[in-house]
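The sequence and the model come first, then what I looked up.

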Amino acid sequence: MARLKQSVIEAAGVTFGIAMFITLVSFMTGLNKMLDSLILNRTPHIRLFNAINPNADQPVNRTAEFSKSLNIVQSIKPSDSRTEIYNSSAIIQSLKNDSRVIAVAPKVASQVFYNIGVIDLNGLVNGIDVSQELKYFSFADYIIKGDAYDLNRISNSVILGKGVADKMMARVGDVIHVTSAKGDQMSLKVVGVFQLGLATIDDVQSYASLETTQKLLGKPKSYFTDIQVKLNNINDAPKIAKEYSNRYRTDAEDVQTANAQFESGTKVRNIITYAVSVTLLIVAGFGIYNILNMMIYEKMDAIAILKATGFSSSDVKNIFINLSMIIGVIGGFMGLLIGMLLTMLIDQIPFNTAALPAITTYPINYDIKYYLIGVIFALITTYIAGYFPAKKAARIDPVVIIRGK
Amino acid sequence: MSDIILETRSINKYFHDPVTFQVLNDINFSIKKGEFVSITGKSGCGKSTLLYILSTMDTDYEGELFIDGESMTKLPHNGLAKVRNEKIGFVFQCHYLLPEFTVLQNVMLPALKLGKFEPAAIEERAMSLLRRLDIHDQALKGANRLSGGQKQRVAIARALINDPVLIMGDEPTGNLDSKNSKIVFEIFKELVAEKKQSLLIVTHDEDFARTTDRNIVMDDGRMVK
């Protein structure tokens, strides 16, 4: 009993709402994921290290005389504590046996000066376990020149940050000179250039193998300054970090604490995404409600006739609810399809940013979850939008309409 | 079982808008099985209002109504819908066909709702009714593409599809020319003779009213004769 044209317009309303929802959510969560990965890919979930802090246990506290008094010592300097992690190989072994841990990668960080002619440029060389970094910390995504595996193949090799490489005018194959904080000089062969997109890192840091860095520092093979841990579930990081800190007597920093402002940014973006999407769906719902309502006024006669010839109120209600559900299902699935096509289209648009060498088109998140939400919401809105007009249609007394003629 | 098909007990009806006004005043009457009754009267005397109450479409009245020995007054809306579907065939002044459906579908609709027969059997029955009313050649046309007289015949076929015990008409010939009116009357008369169905027709046509078994004249909400 529905006029085709009207139903098509109505279904188009649902289709539009759902398509926009899918497009928007896929695009926005895609962007969010990209922004998150910008920071999180290269950040370990938990980082074990020794912070340089003044010793909490000052000598005055140990003397029997003052043990019960409140001792205030001003301008304490940190003692010559080592930044090395004690007993590192045992810790790594124990971490590897922890079922919550996906990967463990030790790291040696070393302050250096890059020697450019007469100028010494302040910098940091990270000694890394290359294969682990490639496998679990998406290191390869950020290498813009050269091959990361060359760090293992060629001794005394280095991958420079893009900023560092530009300043030193170093290309792959060149040899650069660095001076360690202790004054030892070393020649390193450039085997690659990386770009994280964060100037504070790209302009300062470079990567070398663990052995090269240990050699630069003149330290043994068991010398590590950081142990990076990747977990199964990133949300467990704060809890597990605390546990490790107690167990291994080191400092442990979780990713949430390290990037607190980033976390809240993600949250806010997600809220905006959902707010906009829900608004779209509600608007589509009101459209359906209006059209069905209008249709009922137009179909008064038909309703009256159906009732006069013996159709009950619930029959009339079911007809209208079925009608709106059919519209909801067809419109909803069309919406999913169009939404998917639109996102695929966006996925083809080139998006080149210096910050993200691995990304060439706009990021899209094809999560099935959003398609399910879209369909469920389409069905619920069309049901509600159909229910009230249908109830109204069911209440109409046939004689009121017939007498009115 | 008594042979009274419809009975009213002191039915009163008021309109409240704009002022309270009594439309029907103490209506007591009954129709026997197979009786052909007509109601005549001036415009606004309440005959259509009475007909709507008798057909259970209007439930806002005082008094009691029995159809086929059963009280309609306390039945819920869905129960009344069932009675209308099963026992009453109604022919309106305007045909009231559903324009989205074909003639055949329009006729079949009440029977499909009743669900007593298979759709194929219903279709056959609807076709035979249309054939009787001589419009079977239009069966597959859209309902809005017929002439007024044809439409009214389709409406009659629709009223008859469930073999109701009572057929009511609200000026079924009001919109027809005299030739078509005559055809419609003939059909009604044959029905009473053939199937012992009762008919209650509201009409303006005095000539027609005289040919029925009983003619009730209404004036000012009362039955005068």
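How many helices and strands does the secondary structure of chain B come to? I looked this up and found 7 helices and 11 strands. The model I am reading is a predicted one.

**Entry: the two chains**

I next took the figures for burial in chain B. Of its 225 residues, 44% count as buried. I also looked at the contacts in chain B with a separation of 6 or more, and 71% of them are accounted for by residues 24 or more positions apart.

I then turned to chain A, for which I noted 15 helices and 10 strands. Chain A has 405 residues, and buried ones make up 38% of them. For contacts in chain A between residues at least 6 apart in sequence, I wrote down that 78% join residues at least 24 apart.

**Entry: where the chains touch**

I asked how many residues of chain B are in contact with chain A. The count is 19 residues of chain B, in contact with 17 residues of chain A. On the chain B side, helix H2 (77–87) and helix H3 (103–114) each supply at least two residues. H2(B) gives the most to this side, with 6 residues. I sorted the chain B side that touches chain A by class and got 10 nonpolar, 3 polar and 6 charged residues.

**Entry: H3 and H5 of chain B**

H3(B) came up again when I looked at helix packing. I found that the axes of H3(B) and H5(B) come within 7 Å and cross at roughly 30°. Angles under 35 degrees count as roughly parallel, and that makes H3(B) roughly parallel to H5(B). I recorded the crossing of these two helices as right-handed.

Which residues make this contact? From H3(B) I listed B:Val103, B:Asn106, B:Val107 and B:Pro110, and from H5(B) I listed B:Val154, B:Ala157 and B:Arg158. They divide into 5 nonpolar, 1 polar and 1 charged.

**Entry: H5 and H6 of chain B**

H5(B), residues 148–160, also meets H6(B), residues 178–195. I noted that their axes come within 10 Å and cross at roughly 15°. H5(B) and H6(B) are therefore roughly parallel to each other. In this case too I wrote down a right-handed crossing, H5(B) passing H6(B).

The H5(B) residues I found in this contact are B:Gly149, B:Gln152 and B:Ile156, and those of H6(B) are B:Asn180, B:Val184 and B:Ile187. By class I got 3 nonpolar, 3 polar and no charged residues.

**Entry: strand E8 of chain A**

I went back to chain A for one strand, E8(A), residues 205–209. Is E8(A) largely enclosed by the rest of the structure or exposed? I found that 5 of its 5 residues are buried, so E8(A) is largely enclosed.

I checked the two faces separately. In a regular strand the side chains alternate between the two faces of the sheet. On one side of E8(A) I listed A:Gln205, A:Tyr207 and A:Ser209, and on the other A:Ser206 and A:Ala208. These are all buried, and both faces are covered.

Last, I looked up which strands pair with E8(A). Strand E3(A), residues 119–128, pairs with E8(A) in the parallel sense over 5 bridges. I noted that A:Gly127 stands opposite A:Ala208 in E8(A). Strand E5(A), residues 157–161, pairs with E8(A) in the antiparallel sense over 2 bridges. For A:Ile159, I found that the bridge partner in E8(A) is A:Tyr207.

Key. Residues are numbered from 1 along each chain as its sequence is written. Chains are lettered from A and ligands numbered from 1 in the order in which they are written. This is a predicted model: local features need pLDDT of at least 70, side-chain atom pairs count only at pLDDT 80 or more; totals for chains, interfaces and linings use all residues. Two residues are in contact if their C-beta atoms, placed from the backbone, lie within 7 Å. Helices (H or I, at least four residues) and strands (E, at least two) are DSSP runs, numbered from the N terminus. Ala, Val, Leu, Ile, Met, Phe, Trp, Tyr, Cys and Pro count as nonpolar, Asp, Glu, Lys and Arg as charged, and the others, Gly among them, as polar. Axes are lines fitted to C-alpha atoms, for helices over the stretch in contact, and angles run from 0 to 180 degrees between N-to-C directions. Angles under 35 degrees count as roughly parallel, over 145 as roughly antiparallel, 65 to 115 as roughly perpendicular and the rest as oblique. A crossing is left-handed if the near helix is turned anticlockwise from the far one by less than a right angle, and right-handed if clockwise. A residue is buried if 20 or more other C-beta atoms lie within 10 Å of its own, exposed if 12 or fewer, and partly exposed in between; C-beta atoms are placed from the backbone. Two strands pair if DSSP finds at least two bridges between them.
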